[in-house]
Amino acid sequence: MKYQLNDNLKCLIAQSLREQEDSYTIQQLFDQFPTKTELLSATEQQLVTIKGIGAGKARQITAMLKLATVLAAPTHNPTAIRNPQDVFDLLSSEYKHATKENFICLFLNTKNRLIFKEVVSIGNLNSAIVHPREVFQAAIKRCSASLICAHNHPSGDPEPSFEDVKMTKRLVDAGKIIGIEVLDHVIIGDHQFYSLKEHGHI
């Protein structure tokens, strides 16, 4: 049994072509391409054989169908961040050999899946100054439920400095006020990492 195209798609095509849904052109289009597969694979050459569809409308239809195919395609399953190792695996290849400190935020949804990765600040050889305002402005923009901070140590040693711990506590406190939890702060070294959460700083 053929899969009949639904009324919503017929309505969309009719509106795009500025035709009535029960017009001769629309009826002929759906009679000639009665299934979803047939319609999506229709060529401009096939479409122009239908009375009322010229080259311009044929191009319009094929473009619209290509867009519908793209929009209907399954989206890539976002990366789930379950632990500090996931953070390290995600970022280490890009930042472990960087010559400057990069302060990165991973913005997460309610299921701890990655919404967006953003470099909030780039510092010098041994520091990346970041203000809570910059972090949470970006988090709110991305509609984040929570976030994980990370930065690299060009020295290769991921042991946190006093400033790293102090900054993390400021971010955690700010997150509590705003309502966006800071889950962890992971420092990326050469082939190793340091989780401030695992070491009791959060």
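I178 is partly exposed, with a relative accessible area of 43%, where buried means under 20%, exposed over 50% and partly exposed in between (1.4 Å probe, protein chains only). The model is a predicted one, in which local features need pLDDT of at least 70 and side-chain atom pairs count only at pLDDT 80 or more, while totals for chains, interfaces and linings use all residues. Residues are numbered from 1 along each chain as its sequence is written, and side-chain values use heavy atoms, with hydrogens and water left out.

**Surface patch**

- I178 lies in helix α8 (residues 162-178), helices being DSSP runs of H or I with at least four residues and strands runs of E with at least two, numbered from the N terminus.
- Together with I140 and I177, I178 forms a nonpolar patch on the surface with about 330 Å² of accessible area, an area that comes from the Shrake-Rupley method with a 1.4 Å probe, only the protein chains shown counting as cover for residues.
- Such a patch is made of residues with over 30% relative accessible area and no salt bridge, nonpolar side chains (Val, Leu, Ile, Met, Phe, Trp, Tyr) being joined within 5 Å and like charges within 9 Å; a salt bridge is a side-chain nitrogen of Lys or Arg within 4 Å of a carboxyl oxygen of Asp or Glu.

**Positive phi values**

- C143, in the loop between α7 and β3, has a phi near 55°, a positive value in a residue other than glycine, and counts as exposed at 66% relative accessibility.
- H191, in the loop between β4 (181-188) and β5 (193-195), likewise has a positive phi, near 70°, and counts as exposed at 61% relative accessibility.
- Most residues other than glycine have a negative phi.
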